[in-house]
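Me: Please take a close look at a single chain here, and at how it is laid out. Then follow one of its loop positions in detail, and finish with a position in the partner chain for reference.

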Amino acid sequence: MFLNRVWQKERWLAVCFVLFIAGQAFFTWKGVQTFPFVHWGMYSERQSPGAHAVYVLHLNGRLFNYYKLPENTTAFLFHKLRFYHWLHKQGLSDPMLPVWESRYPASFPEAGWERLQQFVLNDDRRIAAFPGWLRRYLGRVTGEPVRSVQLHVQEYHYKDDGTLRPAGKKELLYDAL
Amino acid sequence: MRFNSSTSLLYRRIAFSLIFLFWLRYFLTGTLLHQLEAPQLVFAHTDNLYALLLFTGIPEWLVRSYTAALCLDLSLTLVIAANIWLHRGWLTACYLLLIILYIATFHCYMNHHTHALTLLFFAALPLLFTRHRRIKLCLEGLRYYILFIMSSAALWKLVRGTLWYTDQMAEILKHQHAAHFIFGTSPWREGLWQYLITHPMPAQGLYAGALLLQLTFIIGFFTKRADTWLALGLCVFIIANRLLMDIDFAELTLMALVLLPLHRVSRGT
């Protein structure tokens, strides 16, 4: 057995391995992702049919196809927009607030909780600064001055032939110089 | 396994060369920290380590200060390049510390945590040591970890029963590609995606194929004879993910490296 072999050659390394296995087992059991433990369960949950959200950006009043950007830039932008949408659905409050409230022990100092809110969670100041950042960031990736940015979430349903039919639409932000 | 210092040197050179290429790609696609324009909104999700790092204020300082972000990016570039040629434990330790900082900061400010970047950490971990006996044991440990990762992915699908839900893959593809259809990103692949969305059975066949491929990694727990085939399977998995899901798992090639019989290549060098 591998662990036995490691124990005989490098005891402390075997202890490290056992601790890592215990950590992996714990976080797998909890079902949460914690660096560096990998939880490779994606796409194993049942995917239910329903509406599909597409984030639509208009820059300076014109539709902007951000899927033509370099792949990693598109992915970065998409996840930012999706998170902003999530915040909107939560009434512009951080969706992780209940999680960290429950994890922060009541006996710990108040100053620590304030620091956690400042650096780990999104307060009103941070959320309000997002549209300005988005305009700046898009200006950099497009190489053109962005005077206005508008973000919509457009929902689509699939028709039987595999094409898309638009459903609801909602404006998430508008920011202009 | 005839593992010697040449083998660990070969592993180091290939692993850090690959890491350097990935790093270059992040730069060219604008995802190094100094290229993010001081992003707003942070998301540690439920990750305790990320939350702890955020709590220190270091990631916030890194993204707010262009100079600090540029320094981290440049330091990592130099450290990765140096690691290709120099076999020093402290140099690898520097890399590991900096890459953890980059991964945590990038994930938190991207508002999404991916698995791919984590592999940049794991691939270098065995090289923290200079004695090749320790490197060998760590690489063996890493080999078992990639076997666990892949086979656990199959087990999750089996345990959750989605293999038997015939619309699973078609629904995944619908969800994954709605924006691609709207923005017209890849005409030649759109035909394939549309076919699979409208034909759930062949799509589910591919889902079952992926599960089977992941399940074959269990073989590695009993024998090392199939390792080269498993490395090849990993490459097939990377290509299939790119083709069908438009997901980039290129960093998984670092784990394929762990499965390859490098000791045979390095023998006599």
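Reply: Chain B carries 20 positive and 12 negative side chains, with Lys and Arg counted as positive, Asp and Glu as negative, and His and the chain ends left out. The centres of these two sets are 18 Å apart, each charge being placed at NZ of Lys, CZ of Arg, CG of Asp or CD of Glu. This is a predicted model, in which local features need pLDDT of at least 70, side-chain atom pairs count only at pLDDT 80 or more, and totals for chains, interfaces and linings use all residues. Residues are numbered from 1 along each chain as its sequence is written, chains are lettered from A and ligands numbered from 1 in the order in which they are written, and side-chain values use heavy atoms, without hydrogens and water.

Chain B has 13 helices and zero strands (DSSP runs numbered from the N terminus: H or I of at least four residues for helices, E of at least two for strands). Its radius of gyration is 20 Å, close to the 18 Å that the globule rule gives for 269 residues, so chain B is as compact as a globular protein of that length (C-alpha atoms; the rule is 2.2 Å times the number of residues to the power 0.38). Along the principal axes, the C-alpha trace of chain B spans about 55 × 50 × 35 Å.

Of the 269 residues in chain B, 58% are buried, meaning under 20% relative accessible area with a 1.4 Å probe and protein chains only. Among contacts in chain B with a separation of 6 or more, 75% join residues 24 or more positions apart; contact means heavy atoms within 4.5 Å.

B:Thr162 sits in the loop between helix H7 (132–159) and helix H8 (168–183) of chain B. Its relative accessibility is 1%, so B:Thr162 counts as buried. Leaving out residues up to four places away in sequence, B:Thr162 touches A:Ser44, A:Glu45 and A:Arg46 in chain A, and B:Lys157, B:Gln168, B:Gln204 and B:Tyr207 in chain B. The B:Thr162 side chain reaches the backbone oxygen of A:Ser44 at 3.0 Å.

In chain A, A:Asp175 belongs to strand S4 (residues 164–176). A:Asp175 is buried, at 18% relative accessible area. Beyond four places in sequence, the contacts of A:Asp175 include A:Pro131, A:Gly132 and A:Arg147. Its side chain makes a polar contact with that of A:Arg135 at 2.6 Å (N or O atoms within 3.5 Å, one able to donate a hydrogen and the other to accept it; residues adjacent in sequence count only if both atoms are side-chain atoms).

Definitions and conventions: Buried means under 20% relative accessible area, exposed over 50%, partly exposed in between (1.4 Å probe, protein chains only).
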